[in-house]
Amino acid sequence: RDSDVDAGRMAFGQERLLVTPLQMAMVAGTIGNGGILMRPFVVDRIVTPNGKTRVKTKPERIRRAVSPATARDVGDMMVRAVQAGTGTAAQIPGLQIGGQTGTAETGGAGSNVTWFIAFAGEAGERPELAIAVVLQNQSLTGGATAAPIARQVMQALLQPTANP
């Protein structure tokens, strides 16, 4: 029953809250985009073997989800979480990253579900991407397991020449 939900636990992602990684990437993207929810795309463009762009996605606004002030405040907290909090493993020199870690304890040893969501881009600019990484059956936290994976993916997308 709805009356049985623990609102306090639900507020920080526990209890019966169910979300997909795409939904959480959209949350991060909305905060990084000043409160505007955008249509997600998996690819930027489709290119033929001879290098001709066949399809190019265009940004598409869905709606304003939160006020600019709320997005700014939450975004600032997310940036601080990466600079000096639980998300420091996602830091990439030269980029501004705002992130949030999560660790859902399932009650069994080594069976945590760990998360890291983030927005990232050049400092002072609108973020270029949003990401969500979720891992099952982990014994550590989202900051230790999911944030480093997010860093590798963001680095590959935003600093492609830095890849080995």
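Trainee: Which residue has the backbone oxygen that the side chain of S111 reaches?
Mentor: This is a predicted model, in which local features need pLDDT of at least 70 and side-chain atom pairs count only at pLDDT 80 or more, while totals for chains, interfaces and linings use all residues. Residues are numbered from 1 along each chain as its sequence is written, and side-chain values use heavy atoms, with hydrogens and water left out. A polar contact is a pair of N or O atoms within 3.5 Å, where within protein one must be able to donate a hydrogen and the other to accept it, and residues adjacent in sequence count only if both atoms are side-chain atoms. At 2.6 Å, the side chain of S111 reaches the backbone oxygen of G108.

Trainee: Is S111 buried or exposed?
Mentor: S111 lies in the loop between β5 (95–104) and β6 (112–122), strands being DSSP runs of E with at least two residues, numbered from the N terminus. Buried means under 20% relative accessible area, exposed over 50% and partly exposed in between, with a 1.4 Å probe and protein chains only. Because its relative accessible area is 17%, S111 is buried.

Trainee: In what order do the 3 strands of the open sheet stand?
Mentor: Two strands pair if DSSP finds at least two bridges between them, and β5 and β6 pair in the antiparallel sense over 10 bridges. The edge strands, each pairing on one side only, are β5 and β7 (129–138). The open sheet, with antiparallel pairing, therefore has the order β5-β6-β7.

Note on methods: Helices (H or I, at least four residues) and strands (E, at least two) are DSSP runs, numbered from the N terminus.
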